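Subject: Structure for you to look at

Hello,

Here is the structure I said I would pass on. Please have it open while you read the notes under it.

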Amino acid sequence: MARPHAFTGDNWALPKTISVGLEHSPLSEDELEELLVELEKHIRRGIENRVKRRLDELEIVITADLKKQGRELDLAVDVKATGRVIAPLSYDEVIAEAINEAVTWLAKRLRERGVKGGGGETN
């Protein structure tokens, strides 16, 4: 019998601040909405491609808060997945990797908006 596994993505990593140049090129609500739809698709594909048919349920909740007139973005990703065991991998690893890849994609997209000067990551 398959054993379900549930994981909440809040625990995937410590909070990080990533500078992507929003201070130079503020993000609009419409742009944010489009990016969040794509971010969810990236996370979903990343998980589904790794666990394939073993996945029974997948819930992704992304919360975003634009601050300082679009110059700052707070982002929280919550993922819940249930399915059959995928040894030697764990759902925790698969979900964390999918989230990390999706957030990397998002940061790249934001930087590509024509922002000058890079940005770094701080914990």
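This is a predicted model: local features need pLDDT of at least 70, side-chain atom pairs count only at pLDDT 80 or more; totals for chains, interfaces and linings use all residues.

Helix packing. The crossing of H1 past H2 is right-handed. Sorted by class, the residues in the contact of H1 with H2 are 15 nonpolar, two polar and five charged.

Core. The largest nonpolar core has 28 residues, and the members that touch the most others are Ile-43, Ile-47 and Val-79. At least two residues each come from H1, strand S2 (55–67), strand S3 (72–83) and H2. The biggest contribution is from H2, with 11 residues. As background, nonpolar side chains in soluble globular proteins tend to be buried together.

Ile-62. This residue is in strand S2. Leaving aside residues up to four places away in sequence, Ile-62 is in contact with Leu-36, Leu-39, Glu-40, Ile-43, Leu-75, Ala-76 and Val-77. One of these, Ala-76, is 14 residues from Ile-62 along the chain, with 5.8 Å between the two C-alpha atoms.

Salt bridges. The count is seven. Among them is the pair Glu-97 and Arg-50, at 2.8 Å from N to O. Because Glu-97 belongs to helix H2 and Arg-50 to helix H1, this pair ties together parts that are 47 residues apart in sequence. Arg-50 also meets Glu-101 in a salt bridge, with an N to O distance of 2.7 Å. Glu-101 is in helix H2 and Arg-50 in helix H1, so here the parts tied together are 51 residues apart in sequence. As for accessibility, Arg-50 is partly exposed at 25%, Glu-97 is partly exposed at 39% and Glu-101 is partly exposed at 41%.

Another salt bridge joins Lys-68 to Glu-72, with the closest N and O atoms 3.1 Å apart. Lys-68 is exposed, at 56% relative accessible area, while Glu-72 is partly exposed, at 33%.

Loop residues. Lys-52 is not a glycine, yet has a positive phi of about 50°. Lys-52 sits in the loop between H1 and S2 and counts as exposed because its relative accessibility is 55%, over the 50% cut-off. Gln-69, in the loop between S2 and S3, also has a positive phi, near 55°. With 71% relative accessibility, Gln-69 counts as exposed.

Regards

Methods:
Residues are numbered from 1 along each chain as its sequence is written. Side-chain values use heavy atoms; hydrogens and water are left out. A crossing is left-handed if the near helix is turned anticlockwise from the far one by less than a right angle, and right-handed if clockwise. Helices (H or I, at least four residues) and strands (E, at least two) are DSSP runs, numbered from the N terminus. Ala, Val, Leu, Ile, Met, Phe, Trp, Tyr, Cys and Pro count as nonpolar, Asp, Glu, Lys and Arg as charged, and the others, Gly among them, as polar. A nonpolar core is a set of buried Ala, Val, Leu, Ile, Met, Phe, Trp, Tyr and Cys residues joined through side-chain atoms within 4.5 Å. Buried means under 20% relative accessible area, exposed over 50%, partly exposed in between (1.4 Å probe, protein chains only). Contact means heavy atoms within 4.5 Å. A salt bridge is a side-chain nitrogen of Lys or Arg within 4 Å of a carboxyl oxygen of Asp or Glu.
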